[in-house]
Each structure stands twice: as C-alpha cells, then as structure tokens.
Amino acid sequence: MSKDRDTIVAISTPLGEGAIGIVRVSGSSAIAIARRLFRDPSGRHGRELKPWGVRYGSIVDCETGEYIDEALAVVMPAPYSFTRDDVVEFSCHGGVAVLTRVLEAVIKCGARLAEPGEFTKRAFLAGRIDLSQAEAIIDVIRAKTDSARKLALANLRGELSSRVSCIRENVLMLLAHIEASIDFPDEDIEALGTRDLTQRAQKAVSDLNELVRLGRSSRVYRDGVSVVLAGRPNVGKSSLFNTLVGKKRAIVTEVPGTTRDVIDDWTTIKGVPVRVVDTAGMRKTRDPIERLGVEAANEQAGEADLVVVVIDGSCQICDEDRDILLQMTDKPGVVAVNKCDLKTELDEAGLIPYGGGKRILRVSAKTGEGVDELEQILADLAVTEITGVSENPIMANLRQLEALENAKHSMEEATHALSTSVPPDLTAIDIHEALFWLDQITGQSASDDLMEKIFSEFCIGK
Ligand SMILES: Nc1nc2c(ncn2[C@@H]2O[C@H](COP(=O)(O)OP(=O)(O)OP(=O)(O)O)[C@@H](O)[C@H]2O)c(=O)[nH]1
Ligand SMILES: [Mg+2]
C-alpha cells in the first residue's frame, strides 16, 4: 500500500502526566485494528464499535492478551474524518508508560508510527484543507494570545485562502484573454481592450499589495514586540517593569543605580505579546560595573521596537532626562511621567520640545494609575508604528508573505508589459509566474520538498 494511505498511529496529546491522553489511528485498517484491541466491559472483542459512537472498554495486547488500560474509543469512518481516512481515537489515561504501550499495541496490529504532521498532510492531500489552512493549524496550536488564536482560526476557516482565490480568479481571467489573443490573433474573439486588461492587472497588484500590508501586521501578534524602559536612575523603571509584567521580577530600592543588568520578561498587553526590558539607569558613572549596565541599556534601547522613557514627575526635569529623550527621538514610544501619586514638581510643557512627538502620560507604578492607558498606547503603537496597519490584520507567515510579494512583482511586470508594446506571449509568462506564486500559498503548486519542510514543523500526532 502507498505510504500516503497505509495506517498510521501516534500519541496526539503531549507526553507527560495528564488526566487523559489520546492515541490516534488513521488509515484503511484503523477500524479493524481497533476491533482487535478493544474489549467491551464484559471482555468481548470490539466488534460493537460503531461509527460516531463513544464506547467505554479496555485496550489489550492482541498477541499476549495483556490488559493495558481502560479507554474510550471513538470511531470516525471515512470520508467524514480529519484525514478523510477511517480514524479511531483512544482516550486513555494520560501517562507516558500507558500511552507508549497503547501505541506499541496498535503498531503490533500492523499500523506504523506517523511522521510529524502526517495526519494534517493527509487532510491536505485528500483536499479537505489547503496548504494555508494546514499552516494555520500550527499557528492555532502555537498561539500565545487570544488575538493570535483568532487570527490563526480565521485562516483555518479559509480567510487567507479565499482572498488569494479571489485574486487568482481575476489573474486567471486576464491570462485567458491574453492567451486567446495569442492563439487566435485573427479571430474576432470578444477580447478585452488593452485598457481593460491593464486595469485588471493593476487591480491584482493593488489587491496583492493590500494583502501583503495586512499580512505584515500579523507579525506583531505572532512574534510580539519588544518594549524597553529607559530613563535616568531612580525614576521607577524597575517598578514600572514589575507592574507591566505583573510580578516582582526586578529589584526596586531607593538607591539610584540599583539595576545593573538587562532584565526582560514576556507579557501580553492588550492581546499583543510583549517582551518588556528593564535597564540600568542611564547616567555618566565611574563605576565600571554600572558603566557596563548603561552600555547594555543603550544597546537594548537601540534594538527595541518601542521605548518608554520614564521621567520622575516628583522632581524637576534635568539634563540627564533631556539627553535620554533626545537620544530616543527616532524611536516610537511614550514618555511616562512616573510617581504621579506624589506631589508633581515637573513642568510637562518643558518636556514637549524633547519628546520627539511622543505621547506624554502621567503614571504611577506604585498605585497603577495611568498604567492601563500606557498599555493601550503601547499596543496601538505596536500595531500602527511597526506594521503601518490599524485595521484587522490577516495572519501570514514569512513563506506566504514571500509568495505574495513574488506574485505582486510578477503582476507589476505584467502591468508594465501591457501598457507598452511587449508581445502578449511575454506578458503571459509573467502572469503564469504570478499564478505559480499564488498556488504556492494554497499548495496547488507546492513541491514535495516544500511540503516536507512545512509538515516537518508539526508535532507528531497532529
Ligand atoms: N511614590 C512612588 N514611588 C515610586 C514609584 N515608582 C517607583 N518609586 C520608588 O522610586 C524608587 C526607585 O524605584 P526603581 O523602580 O528602583 O527605579 P529605577 O528607575 O529602576 O532605578 P535604577 O534601577 O536605579 O535605575 C524606589 O524607592 C521606588 O519605591 C511611584 O510610582 N510612586
Ligand atoms: Mg531599576
């Protein structure tokens, strides 16, 4: 039997201790294997296993008859299963030894161990999902925030695929007209004029542009952003850091120069995964250890996506504050005037010339005042400053973005060719190329190597 259709098995839940662990079997022998292994509570063979029913019973070793575990068995017959094969799932106790023994018992009955992502690959090969939907499954599993989950689920339900299909249809129509004019140059085909053809090509370019733009913005939700807290010593950077990450991670004291090293932690701010970075207070110092800390702070500030310049609102602005603000002029971010629970000494108007257009916000790391607004501004900046898109993004990974960029490039070439006197057969080559790239997203033109690479990223059992 071909490798694509034989019966495969894997433990589909993480290996460790859990209330339940699932062993999944898929292929033409899946139901026959289940019937050999499964016993009902009175010890009879699993002949009773019915499609779509959940049966309680036990799993035994078909060679030795050894009792392995009690389990629930679910039978999902082809073609109404994830892989479109016959599928059986055994829900057993979630322990490593139990699940490994059940797995071995299924293999003894003739199944083979599934490769990473092989269940999903079968669903793709059977036409149940396209390649972008298969990739969305990894994104759903890996989603660390609710926003990332929603975006990945939208793709699983075909958001990216349907947008790509719309563009593809338009491009295909364009190609049909151009190829008709090549094949039957003298016939009076109801051909579109050059202007109409150019407009269609331009529409494809602008649709692709839009998709790339929306796709890029998903980076923020997939990979997150880094936010560095910068300021002179003792202004409350570490206090604000602890407030943002929701734990006492950094040491806070009233001694200026407390933080010497870079401290970072991940948190979720308004749905965006954020790496918050606390740094040493920036000042000129003779202490060699502190100096290294200040150097590291400058380095972090340079690399971060966003900055929060922290100022102590309970005293007047000083030259060190101004220097730091000026140093951060080009970096998107916020000026947080901290310690607003104390009597304000700071003249905010004096900050404006140095802020580089950043929002100035009063906060208190001690009472939490203004922190919610600070988080909202950071989340908004993450989406708009970094990706330039404020509307709903579409999840697209690097591979998909590259394919969209390539399709766009080919359509730009085609548009240019249509508006000049380039022969139609050369224009058709560009359009074929655009179609090739669009089909790479849905998987219609994906090579075996590419599929191998994509599915190898999956965990075993998915
Ligand atoms: N009243 C008040 N005190 C604060 C606030 N934030 C920080 N502090 C106090 O300010 C002092 C310095 O706080 P840190 O968070 O250590 O300041 P830092 O900027 O990390 O200082 P360095 O690590 O030395 O650069 C501590 O005594 C904090 O308790 C605040 O919002 N209100
Ligand atoms: Mg500190």
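This is a predicted model: local features need pLDDT of at least 70, side-chain atom pairs count only at pLDDT 80 or more; totals for chains, interfaces and linings use all residues.
Me: Let's start with H9. How many residues does helix H9 have, and what span should they give?

Reply: H9 runs over residues 288-303, so at 1.5 Å a residue its 16 residues should span 22 Å. The end C-alpha atoms are 23 Å apart, which agrees.

Me: Which residues of H9 are buried?

Reply: General idea before the case: an α-helix has 3.6 residues a turn, so residues three or four places apart point the same way. Here the buried ones are Glu290, Gly293, Val294, Ala297, Gln300 and Ala301. Looking down the axis of H9, you'll find them within an arc of 120°, so they line one face of the helix. Strands E8 (225-230) and E10 (272-278) are among what covers them.

Me: And which exposed residues sit on the face of H9 turned away from its buried side?

Reply: That face carries Pro288, Leu292, Glu299, Gly302 and Glu303.

Me: What caps the N-terminal end of H9?

Reply: Asp287 does, with a side-chain oxygen 2.8 Å from the backbone nitrogen of Ile289.

Me: Now the metal. Which protein donors does the magnesium ion (ligand 2) have?

Reply: Look for Ser238 (OG) and Thr259 (OG1), lying 2.0 Å from the ion. Ser238 belongs to helix H8 (residues 237-245) and Thr259 to the loop between H8 and strand E9 (263-269), so the pair ties together parts 21 residues apart in sequence.

Me: Are Ser238 and Thr259 buried or exposed?

Reply: Ser238 is buried, and Thr259 is too.

Me: Last one: how is the chain divided into domains?

Reply: Domain 1 covers 8-129, domain 2 takes 135-220 + 397-443, and domain 3 is 224-387. Taken over C-alpha atoms, the centres of domain 1 and domain 2 are separated by 41 Å.

How values were computed
Residues are numbered from 1 along each chain as its sequence is written. Chains are lettered from A and ligands numbered from 1 in the order in which they are written. Side-chain values use heavy atoms; hydrogens and water are left out. Helices (H or I, at least four residues) and strands (E, at least two) are DSSP runs, numbered from the N terminus. The expected span of a helix is 1.5 Å times one less than its number of residues. Buried means under 20% relative accessible area, exposed over 50%, partly exposed in between (1.4 Å probe, protein chains only). The arc is that of the directions from the helix axis to the C-beta atoms. Contact means heavy atoms within 4.5 Å. A polar contact is a pair of N or O atoms within 3.5 Å; within protein, one must be able to donate a hydrogen and the other to accept it, and residues adjacent in sequence count only if both atoms are side-chain atoms. Domain bounds come from an automatic or database domain assignment. Donors are N, O and S atoms within 2.8 Å of the metal (3.2 Å for Na, K and Ca); water is not among the atoms, so sites may look incomplete.
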